[in-house]
Amino acid sequence: MSAPLSSQDLFARLAELGIETRTVEHPPLFTVEDSQALRGDIPGGHTKNLFLKDKKGNLFLVVVEEEARVDLKSLHGPLGAASRLSFGSAELLEEVLGVKPGAVTAFGPVNDTQGRVTVVLDAELMAHAEINCHPLVNTATTTIRSDDLLRFLRATGHEPRVMAVPRRSEAADEA
């Protein structure tokens, strides 16, 4: 397996595809709360990324808006997963997407040269003209047009599934 791409490799790949992006550097961000506090005012949709697996080892990268409360108990149904989903380990994340926890990103599939992960983009997130993702590290945020994100993912060999990712109800959160 080749070494994962660096942020600079990613930017070069985006440039080769003629995709324009803007990148803002900031302190390392590990949580949505960190992001909201430290990234500054960057317009567009901001992402939360879930690296999930089912019991048969099928892998999913689910990219939703940062505020989305995903219903993990029902997500396997619309995805056609073999079982309920659980989070993939840090080791599996690094092996497949070449990133560490805290840096999971919609750009990660660029490192999945074996096509092991299914990329799922939430329809609500994709309604934004621009989407913000970590460029393979959690010390920067890169803004990309939503249609260019689709084009980029297709260029990595991943046909993204854009769908309404099920949400947890507020009542379920209070139970």
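# Salt bridges and an aromatic pair

Reader: What is the relative accessible area of Arg145?
Author: Arg145 has a relative accessible area of 42% and is therefore partly exposed. This value, like the others here, comes from a predicted model.

Reader: Which residue forms a salt bridge with Arg145?
Author: The partner is Asp147, and the closest N and O atoms of the two are 3.2 Å apart. Asp147 is partly exposed as well, at a relative accessible area of 40%.

Reader: How far apart are the closest N and O atoms of Asp122 and Arg167?
Author: They are 2.8 Å apart, and the two residues form a salt bridge. This pair links distant parts of the chain, 45 residues apart: Asp122 belongs to strand β5, whereas Arg167 sits in the loop between β8 (161-163) and α7 (170-174).

Reader: Is Asp122 buried or exposed?
Author: Asp122 counts as buried, because its relative accessibility is 1% and the limit for buried is under 20%.

Reader: Returning to the overall count, how many salt bridges does the structure hold?
Author: The structure holds eight salt bridges. Among them is the one between Arg116 and Glu95, whose closest N and O atoms are 2.6 Å apart.

Reader: Where in the chain are Arg116 and Glu95?
Author: Arg116 is in the loop between α4 (90-97) and β5 (117-122), and Glu95 is in helix α4.

Reader: What is the relative accessibility of each of them?
Author: Arg116 has 32% and counts as partly exposed. Glu95 also counts as partly exposed, at 39%.

Reader: Changing topic, how many aromatic pairs does the structure hold?
Author: The structure holds one aromatic pair. Phe107 and Phe152 form this pair in an edge-to-face arrangement, with 5.4 Å centre to centre and 85° between the planes.

Reader: Which parts does the pair tie together?
Author: Phe107 lies in the loop between α4 and β5, and Phe152 lies in helix α6 (residues 146-155), so the pair ties together parts that are 45 residues apart in sequence.

Reader: Are Phe107 and Phe152 buried or exposed?
Author: Phe107 counts as buried, at 0% relative accessibility. Phe152 counts as buried too, with a relative accessibility of 0%.

Note on methods:
Residues are numbered from 1 along each chain as its sequence is written. This is a predicted model: local features need pLDDT of at least 70, side-chain atom pairs count only at pLDDT 80 or more; totals for chains, interfaces and linings use all residues. Side-chain values use heavy atoms; hydrogens and water are left out. A salt bridge is a side-chain nitrogen of Lys or Arg within 4 Å of a carboxyl oxygen of Asp or Glu. Helices (H or I, at least four residues) and strands (E, at least two) are DSSP runs, numbered from the N terminus. Buried means under 20% relative accessible area, exposed over 50%, partly exposed in between (1.4 Å probe, protein chains only). Rings of Phe, Tyr and Trp (its six-membered ring) pair if their centres lie within 6.5 Å; planes under 30 degrees apart count as stacked, over 60 as edge-to-face and the rest as tilted.
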